[in-house]
Amino acid sequence: VTHPPRLATLLLSLALGRQDRRYVVADLAEEYAELAERLDRAAADRWYWSQVRRSIGPSLGRRLLRPRRLDIHAGSGLLGLETLLQDGSFAIKSFVRAPGFTFVAAATLAIGIGANVATFSLVHSTVLRPLPFKHADRIVELWAEGEQMGAQITTTPTNEMLDAWLTSAKSFDGLALYRETETTYTGGAVPEVLGTAEVSADLMAMLGVVPRIGRGFTPEDTTPASQPTVMLSEGYWRSRFGSNPGLVGHSMALDGVSHLVIGIVPEELQRLFEARFFVGGPKQAWLPLTLAAALSSESTPYVLARLAQGITVSESRAELDVIQSRIVEAGLTDDQWHPAVLQTSEMVSRRLRTALWILQAAVVFVLLIACANVANMLISRGLARSQEFAIRSALGAGSMRVTRQLLTEGMLLGLVGGVVGFLLASWCLDLVAGAATDELRELRAVRIEPMVLVFALGVTLVTGLVFSFAPALLIRHREIAGVLSLGGRGGGGGGAGGGGTAASALVRQALVGFQVAIALVLFLGAGLLINSFHRLSRVDPGFEPANLIALDLRLPGTRYPDRIQRMAFFEDMVDRVKLLPGAAAAAWSRYIPPDIGWLFGTIVIEGREGEPTNESPLMAGNYVSPDYFRAMGTELRQGQAFTPLDGRSDLRPVIVSQSLAQAFWPDGGILGQRMRIDSPFAADSVATWRTIVGVVEDMAVFGLGDDHRLQLYFPFGDRDAARGTVIVRATGNPADLVPLLEQQVWAIDPDLPINRVAVVERLLADDIARPRFNAALLGAFAVLALFLAAIGVYGVIALAVRQRTREIGVRVALGAQRGSVVRLIMGRGLRPIAIGMLVGVAAALALTRFLQSLLFQIQPTDPITYLAVIAILGTVGTLACYFPARRAMAVDPVEALRRE
Amino acid sequence: MPKGSFLAEFELYVMLALARLGDGAYGVTIRQEIEGRTGRPVSIGAVYATLGRLNDKGFVDFRTSDPLPVQGGRSRKYCSLTASGRDALAHSATMLGRMLDGVELGTASGDAGR
């Protein structure tokens with residue numbers, strides 16, 4: 001027996017009314033069977049689909065527009081399916097009859113709801129969403145917290161802490177480590193650097209993650225005798241090896257050592273780790289990490305743990321505290337660090353929380369404005385329809401029945417707005433995810449989720465209820481007799497009309513004031529962020545970023561075992577680059593802005609040991625070649641740059657920033673003085689006495705918004721660094737120079753991978769991507785809010801003009817000046833706008849301080865921003881009043897009076 | 001005869017099909033009758049929607065058959081014209097005939113008028 005396509009049947013059934021459904025479906029099935037026999041299945045399917053397609057329109061039309069016997073006496077009760085359907089069909093018909101109103105109202109709601117769903121999804125998937133792991137609620141991060149020279153620091157636990165936790169903590173039934181590093185893969189056409197995650201063998205088992213194909217790590221993979229193994233990320237496996245399943249079981253050379261590929265890490269886990277845990281960018285390779293390797297290395301690993309059944313976060317924290325005091329007593333460690341147990345969402349949300357909650361508040365504001373708008377529209381519409389309702393009441397429809405009718409309309413509008421808004425939101429999120437830079441990589445994992453669907457439905461229904469309730473109340477209280485006796489005048493007279501009209505006018509004006517107040521707060525917030533971003537993007541970075549290229553190189557220890565060879569490589573490289581046409585200058589350094597290394601400690605000056613020193617222990621340090629400042633375009637204020645001999649001599653020179661010089665030698669005389677850094681962390685090269693040979697201008701070493709101005713520079717050779725960045729200033733387009741630079745690298749060492757080629761201007765732009773994103777998003781919401789509020793103001797004035805046409809006619813007939821008429825009408829709108837702006841400014845003064853942490857060099861009460869926003873809002877509000885009011889000028893008194 | 005009630009074109013077709021099919025008129029036969037004679041595709045949804053409208057106007061009556069005596073057999077919704085439906089059809093046909101009287105139309109294939 002052949003069945004017709006089920007989906008088509010389902011769609012058709014939905015469109016059909018109850019009384020026809022089974023007959024139509026059966027009729028179609030009969031013909032379908034016949035056709036399938038006579039022709040073939042495919043032809044019958046096509047015919048069936050075309051029948052369904054063309055049947056849906058007429059069936060729906062019949063179902064929705066079918067005249068019902070108007071039973072105005074029924075429905076005194078609230079329940080009753082029949083009346084509900086009747087209300088629904090009335091509502092749909094009334095919407096069909098007023099397509100303009102329906103479109104604007106639904107669109108307004110859709111925008112408000114869409115913005116809410118999108119932002120809520122953002123918050124949900126970055127902050128609130130539980131991780132998609134087995135027992136995700138029990139997965140925690142273990143950190144060490146402590147105060148270091150006045151700064152509160154959260155860092156990875158010390159080896160002693162880790163060791164003690166692993167041997168004696170009972171609160172966890174799983175404890176896994178991971179670390180980020182890099183490896184070089186030399187099997188392809190050009191050598192590649194792979195972002196690499198080293199994870200303990202039990203990480204995936206603890207999280208309950210199954211490899212895409214192949215197997216995961218086992219404890220055997222970490223024994224010294226076993227063959228080295230590697231897992232690849234699904235994305236890398238796809239792009240580099242065409243998802244070839246045969247790769248598993250083969251070997252690949254990583255850092256010159258053959259590794260057996262044992263499995264592929266599923267994309268979901270990969271993305272999640274990159275968004276939530278890894279700080280060092282995408283990873284292509286995963287390697288097993290042994291505890292011994294983790295403990296013996298300088299960089300301590302990150303720790304994830306799973307709480308044992310029934311143990312809470314604070315209980316586990318208490319146990320770790322006990323363990324900590326034991327190892328402190330045993331003299332294994334000092335007491336500067338305390339264990340911290342954090343839920344996995346906490347670290348992420350610490351970074352993002354403020355911005356996300358502010359955005360969430362902003363969209364709720366937008367939704368409130370949208371609701372106020374629709375409420376206003378429904379009231380106007382209710383006034384226009386008052387005669388209809390009056391007649392129905394007079395014929396015996398209970399006021400409950402009329403109220404229900406209005407509520408149904410409101411809910412239905414809310415639902416339509418919700419559905420469209422939901423579509424809008426998913427489209428926006430795709431857009432946002434596509435535009436997310438590495439800085440905003442969390443956003444790539446954002447998806448609309450079932451939870452958000454529930455939220456959207458909630459917002460929709462509440463919105464529907466809220467904005468239909470006010471009009472319903474107002475219309476209920478109107479005097480039926482009054483409306484009927486006024487004949488066809490719809491809205492009744494002006495302010496002097498019935499009590500209902502005066503009340504509704506007041507409500508409408510209050511709604512306008514409310515909208516204006518909210519729009520002002522939003523606009524002020526956005527104005528502050530935009531202003532702040534503007535200042536940020538105009539900060540002088542202390543170097544010339546234009547046309548600057550940075551090549552990040554990592555010299556493998558196997559072929560460059562010591563400092564001499566590494567220095568030789570960079571010297572050779574820079575000498576070659578300087579000869580290239582199109583290269584104006586070249587140098588190298590360990591780091592480049594906006595990502596310099598941290599120095600942590602206090603400055604000690606020879607001969608002034610007891611004096612007060614730097615307040616904040618955080619400073620910046622970089623290791624640079626002699627030409628570094630010239631290539632960067634940084635001004636040397638005093639003294640001289642390093643010489644090629646500096647890294648190898650005993651002089652141990654240092655160059656400091658202008659701010660450091662000013663702070664410690666306000667009266668000059670800095671050159672030739674000696675200083676050192678006193679710190680538990682600093683390398684020996686920094687902790688020994690060094691002679692100051694030069695002073696350079698301050699650089700934005702940690703990004704444009706950063707104000708760590710104590711900056712120190714050391715000769716590159718003073719640190720035994722295997723990594724370095726070659727800096728080249730191009731005379732033309734930097735991108736043109738890139739292939740030439742790569743050629744030079746591979747001319748010296750064909751197996752050397754290039755980690756990253758970056759245009760420095762681009763790095764600076766990415767660095768301020770987050771504030772730019774905040775400013776742009778809040779700005780967009782503010783414009784939306786302004787637009788919606790303007791529509792609200794316009795609507796109120798337009799209705800006032802329509803309602804008072806007769807009055808205006810009389811006034812003009814009696815000799816009133818056109819100008820005074822316009823003023824009269826505009827007063828209607830300007831009064832609530834002015835009150836709204838006052839309320840808005842007061843609210844903004846209270847609220848914008850929450851923006852403080854997002855602002856750069858600008859106060860939350862910046863008067864210029866306030867004045868500008870008030871001016872813009874005032875202008876828009878006045879225009880929104882003026883255009884409809886101008887229509888009042890055009891009223892022909894004879895026409896106006898005759899219409900009565 | 002309900003005064004002033006003109007039948008829409010498709011309503012007229014459906015009623016003519018009912019008149020022609022007599023006792024055997026139900027969804028499938030009506031649809032095929034109109035499609036076969038007019039040569040343009042007719043959807044079952046349009047047929048039922050129109051039947052519903054004609055029923056509202058009191059021109060058409062329904063009766064459902066007993067389920068067919070086969071496995072999964074189903075009942076059909078047979079339709080017939082009511083007395084007032086016949087009157088309306090006769091009225092419309094007469095009006096159409098009067099309106100056509102003396103009008104020269106091109107044939108479907110010839111376009112003789114141009």
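This is a predicted model: local features need pLDDT of at least 70, side-chain atom pairs count only at pLDDT 80 or more; totals for chains, interfaces and linings use all residues.
Residues are numbered from 1 along each chain as its sequence is written, chains are lettered from A, and side-chain values use heavy atoms, leaving out hydrogens and water.

**Chain A overall**
- Chain A has 28 helices and 23 strands, taken as DSSP runs (H or I, at least four residues, for helices; E, at least two, for strands) numbered from the N terminus.
- Of its 900 residues, 52% count as buried, meaning under 20% relative accessible area with a 1.4 Å probe, protein chains only.

**Aromatic rings**
- Rings of Phe, Tyr and Trp (its six-membered ring) pair if their centres lie within 6.5 Å, and planes over 60 degrees apart count as edge-to-face.
- A:F570 and A:F716 have ring centres 5.4 Å apart and planes at 70°, so they're edge-to-face.
- A:F570 sits in helix α18 (residues 563–579) and A:F716 in the loop between β21 (711–715) and β22 (723–730), so this pair ties together parts 146 residues apart in sequence.
- A:F570 is buried at 0% relative accessible area, and A:F716 is buried at 4%.

**A:D20 and chain B**
- A:D20 lies in the loop between α1 (6–15) and α2 (21–38) of chain A, and is buried at 9%.
- Not counting residues up to four places away in sequence, A:D20 touches B:Y48 and B:K77 (contact: heavy atoms within 4.5 Å).

Note on methods. Buried means under 20% relative accessible area, exposed over 50%, partly exposed in between (1.4 Å probe, protein chains only). Rings of Phe, Tyr and Trp (its six-membered ring) pair if their centres lie within 6.5 Å; planes under 30 degrees apart count as stacked, over 60 as edge-to-face and the rest as tilted.
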